[in-house]
Amino acid sequence: LKGFRGDDLLWIPKGASCESPRLLWIHGGSWEYDTLSYGQLASKIAELSGAIVMVPDFPLAPVGNYHVIMRASLDALRWLAETDLDMNCPEGSAPLLVGGDSAGGGTAVSLILVLKQGAGWTPQGVALTEPERVQKAQSLAGGIFFSPWTNLKCDTPDYYYNAFAKIVDKKAFKDPSSGVAYVGDLMFRGHPEENLDEFTANAKSYIGRNADLLTDPVASPFWTTEQELGGGGVPPLLFTVGGSESILGDSMIVAQKAAFYGASVHVDVHVGMWHDFPMYSEGCGSGEGLWQAALALNRTAAFIRQVARRKLTASAMGLVWPPASSGPGTPKTRYIYDVTRPGAEKWFPKKLLSPISNDVHFEALPQPMPASRDDALGALEAALGLSTRSSFWALIFLAVSGMAQVMYFWSFCTFRSLQNHLEDRLLQV
């Protein structure tokens, strides 16, 4: 093993309540490194979003293969959903989210697909092995991913196009000291074929002996189809990815397919950033923070708050969650450029010039909707505090009252018009 086993991390922010979001974060590290470097990320997300954040210490590869890590992640999510945390919370009261970065981000996407198959956080696998533990299924409020590794086949074009490389001018061929620049993903500095070989070996240690999992649509979500993504059940998703990273396509293609099959998807592409850059919000050793990472964390926190609030509204009113589009869609993609460089104030509106603003809104997030007439009446019942039968008559009453007010207003306007006309005729006489 390349890393030692760490500990489960649990961060509970000040003021946390029964309705505070709960986020399960599956850490990166090629499934070979532990949680020891994730206290900073978990604590920052918890503080910014108000969410309770758990980073589970899953078994590492090769002992911890895909099936073992998936089962550990399901167990961790069940614990996070059920634990009371000394708050006397009713079970299922807190919105649940799943997230992850790099290799853990790919596993997080797989976990969401497994939960979709089981219609909640108590999927069939858990139901079969521990039926006494099964409660009413709870759907996820959202999913969050930093540079997720979703293609275990490792053959997206970005392995080549975003490979770390030198740019030299004509003089540099004769005099290297005259000037050298670099582009691409600085996290992986090998030749594209070398990176491909290393990634593939890593992927094979994750899947174990079953090579079919390299293109399995759940274990390797890059290969998903309508069967896995269609028909509803995929929560709103946020992808944060570096524009120069080697596995950019792992995010972009999954995001496009999820949106096409009806999910609400946001993608933030940070131009020039490398793989898993949000991990470096405190900087890269220079003593200065990385504002792109700080912005990514702020937008992540805003996404958590907003989807959690809408999930709570849907649960309180008996509405469908997650809502799905009725037709093919596209991701809401945002390219984020360096707004701190000289002259950038001429590029953007002033509201976009604050690189780490907390004033972040995801206007395109879906609104929960009733699934049927009965659900609509149930929503009215919850809103008015009425029984289902009385809520139906209340709806009729509201409709009739509205029509009566319209008729009264029309009659009043007609009378006033006629009165003015008669007054004009009398004046003429």
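Trainee: How many salt bridges does the count come to here?

Mentor: The count comes to four salt bridges, a salt bridge being a side-chain nitrogen of Lys or Arg within 4 Å of a carboxyl oxygen of Asp or Glu. This is a predicted model, where local features need pLDDT of at least 70 and side-chain atom pairs count only at pLDDT 80 or more, while totals for chains, interfaces and linings use all residues. Residues are numbered from 1 along each chain as its sequence is written, and side-chain values use heavy atoms, with hydrogens and water left out.

Trainee: Why would such side chains pair at all?

Mentor: Side chains of opposite charge can pair when their charged atoms come close.

Trainee: OK, which residue forms a salt bridge with Lys 44?

Mentor: Glu 282 does, with the closest N and O atoms 3.6 Å apart. The two are 238 residues apart and link distant parts of the chain: Lys 44 is in helix H1, and Glu 282 is in the loop between strand E9 (265–270) and H9. Helices (H or I, at least four residues) and strands (E, at least two) are DSSP runs, numbered from the N terminus.

Trainee: And how does Lys 44 count for accessibility?

Mentor: Lys 44 counts as partly exposed because its relative accessibility is 25%. The cut-offs are under 20% relative accessible area for buried and over 50% for exposed, with partly exposed in between (1.4 Å probe, protein chains only).

Trainee: What does Arg 299 meet in a salt bridge?

Mentor: The side chain of Arg 299 meets that of Asp 268, at 2.4 Å from N to O. This pair also links distant parts of the chain, with Arg 299 in helix H9 and Asp 268 in strand E9, 31 residues apart. Both Arg 299 and Asp 268 are buried.

Trainee: Which residues are linked in a network of salt bridges?

Mentor: Arg 71, Asp 75 and Arg 78.

Trainee: Is Arg 78 buried or exposed?

Mentor: Arg 78 has 7% relative accessibility, so it counts as buried. Asp 75 is partly exposed, with a relative accessible area of 28%.

Trainee: Switching to helix packing. At what angle do H1 and H9 pack?

Mentor: Helix H1 (residues 39–49) packs against helix H9 (residues 291–317) at about 55 degrees, and their axes are 8 Å apart. That makes H1 oblique to H9. Axes here are lines fitted to C-alpha atoms, for helices over the stretch in contact, and angles run from 0 to 180 degrees between N-to-C directions. Angles under 35 degrees count as roughly parallel, over 145 as roughly antiparallel, 65 to 115 as roughly perpendicular, and the rest as oblique.

Trainee: What about H2 and H3?

Mentor: Helix H2 (residues 66–82) and helix H3 (residues 102–118) have axes 10 Å apart and an angle of about 70 degrees. They are therefore roughly perpendicular to each other.

Trainee: Which hand is the crossing of H2 and H3?

Mentor: H2 passes H3 in a right-handed crossing, and H1 passes H9 in a right-handed crossing too. A crossing is right-handed if the near helix is turned clockwise from the far one by less than a right angle, and left-handed if anticlockwise.

Trainee: Backbone next. Which peptide bond is cis?

Mentor: The one from Ala 61 to Pro 62 is cis, with omega near 5 degrees. Pro 62 sits in the loop between strand E3 (52–55) and H2.

Trainee: What is phi of Leu 85?

Mentor: Phi is near 55 degrees, a positive value in a residue other than glycine. Leu 85 is in the loop between H2 and strand E4 (96–101), and at 17% relative accessibility Leu 85 counts as buried. Ser 147 also has a positive phi, near 45 degrees. Ser 147 lies in the loop between strand E5 (142–146) and helix H5 (158–161) and, at 0% relative accessibility, counts as buried.

Trainee: Last one, the surface. Which residues form a nonpolar patch?

Mentor: Val 271, Tyr 335, Tyr 337 and Trp 347, with about 440 Å² of accessible area together. Patches are made of residues with over 30% relative accessible area and no salt bridge, joining like charges within 9 Å and nonpolar side chains (Val, Leu, Ile, Met, Phe, Trp, Tyr) within 5 Å. Accessible areas come from the Shrake-Rupley method with a 1.4 Å probe, and for residues only the protein chains shown count as cover. Tyr 337 is in the loop between strand E10 (332–336) and helix H10 (373–384), and at 42% relative accessibility Tyr 337 counts as partly exposed.
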